[in-house]
Amino acid sequence: MEGYETSLINAHAGGRNVVYNCEKEGASAKILRITYLNDRSREDLLGEVEYIQYLFEHGGNVSNVISSRKGNLVEEITHNNHTFFVCLFEKARGKRLVENHYQYREGVPITEYYYNCGKVLGKLHQLSKGYAPVHRRYSFFDKYNVEYIDKLIPGTLSLLKEKMVELLKTLERLDKNSETFGMVHFDYSDGNYMIDFDTGQITVFDFDNSCFCWYMYDLANLWTLGMGWIQFEPDAGKRKNFMNDYFRTVLVGYTSETKIEDSMLDKLSLFIQIILIENIVDAFEVMRNNGEETKCDERLAYCIKCLEDDIPYFGFFHEVFTCEEPFEYEARNI
């Protein structure tokens, strides 16, 4: 890294790493990531970077991991009895959508973006179907299970716990064959890929949460991304029509790379509820990890309300949703 200018990238809420941007004239930019907390093992990290390398080598649109001089994808450094894991990645070309003020390519219909989001994800899933890991990442139920939820979620939220357990039991009954279940990104969103605004090319990064799960989870997550484009529309019918068109375009892109059974697409509503569970678990984990007092703000209250009252599709077509305060509900004491 000699000669590179290194600058710290601002952390985001709930972030678990220290990340640096590394630039040098005449060389491609790099991203240096330092993992310093003890919530992930060396095996976890190896499982992540080996998966990224596999995707890259087989034509997936991902930021490749770079080996160290010793040929390691993960370097372990011990300092003052503390272990740090260091990884280096190629920096993805382009910008995130937020950095472009949510404006897509000039003169190009936004449907190209929806299609590309689906296509890039479809390619990653198709590659996952042939992936045989050396270091295996954890599986969905290793984290999202009754014991963990019971320990993490406060006892005052007994109805929420009950609904979460019910949904997880429904999920457990689903088929786990190689066409439906495998390594997924688990956080496929516009914060975790760059767009080359000259070509529309998407490059995915941040596989920090990748795990074995149903491919439908990533697709459901992509469905929720679409809500941002229409969240200020007051007419629920128009929001619904938009989401149908949006997701149809995403699926055309997705199925150009891999197939998805109608029986899994029929579970879209279930997987959107599972994403709510993930959002709630993440909110409580962030409070716990930061040593904060447990509280329930408007956004968390909204997620809890949707689960407790069995409101489907993130409440997006329901009276619980208002375009004045999207995805917010009255804060509550817990």
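Predicted model: local features only at pLDDT ≥ 70, side-chain atom pairs only at ≥ 80, totals over all residues.
Local features were taken only where pLDDT is at least 70 and side-chain atom pairs only at pLDDT 80 or more, while totals for chains, interfaces and linings use all residues. Numbering starts from 1 along each chain as its sequence is written, and side-chain values rest on heavy atoms, with hydrogens and water left out.

Helix α7 takes in residues 236-255, and its end C-alpha atoms sit 28 Å apart. That agrees with the 28 Å its 20 residues should span at 1.5 Å a residue, the expected span being 1.5 Å times one less than the number of residues. Buried means under 20% relative accessible area, exposed means over 50%, and partly exposed is in between (1.4 Å probe, protein chains only). On that scale, the buried residues of α7 are Arg239, Phe242, Met243, Tyr246, Phe247, Val250, Leu251, Gly253 and Tyr254. Seen down the helix axis they fall within an arc of 165°, so they line one face of α7; the arc is that of the directions from the axis to the C-beta atoms. An α-helix has 3.6 residues a turn, so residues three or four places apart point the same way. What do the buried residues of α7 pack against? Their partners are α2 (111-128), α6 (215-226), α8 (262-265) and α9.

With a relative accessibility of 36%, serine 256 counts as partly exposed. Setting aside neighbours within four places in sequence, serine 256 touches Tyr115 and Lys119, where contact means heavy atoms within 4.5 Å.

Helix α9 covers residues 268-289, and the 31 Å between its end C-alpha atoms agrees with the 32 Å that its 22 residues should span. Of those 22 residues, 16 are buried, so α9 is largely enclosed by the rest of the structure. Glycine 291, which follows α9, has a positive phi, near 65°.

Positive phi also turns up away from glycine. Asparagine 81 has a phi near 65° and belongs to the loop between β5 and β6, where its 81% relative accessibility makes it exposed. Aspartate 310, with phi near 55°, is in the segment after α10 (298-308) and is partly exposed at 48%.

Tyrosine 131 sits in the loop between α2 and α3 (140-143). Is tyrosine 131 buried or exposed? Its relative accessible area is 13%, so tyrosine 131 is buried. Beyond its neighbours within four places in sequence, tyrosine 131 is in contact with Gly47, Glu50, Tyr51, Tyr54 and Met183. Glycine 182 is 51 residues away from tyrosine 131 in sequence, yet the two C-alpha atoms are 8.3 Å apart.

As for open space, the second largest pocket holds about 370 Å³. Its lining runs to 16 residues, with Met1, Ser67, Ser68, Arg69 and Leu88 nearest the centre. Elements giving two or more residues to this lining are β3 (30-35), β5 (75-79) and β6 (82-90). A pocket is an open set of points on a 1 Å grid over the protein atoms alone where a 1.4 Å probe fits, with protein on both sides within 12 Å along at least five of seven lines; lining residues have an atom within 4 Å of a point. The volume is the space filled by probe spheres set on the points, which are joined across faces, edges and corners.

How values were computed
Helix = DSSP H or I, 4+ residues; strand = E, 2+ residues; numbered from the N terminus.
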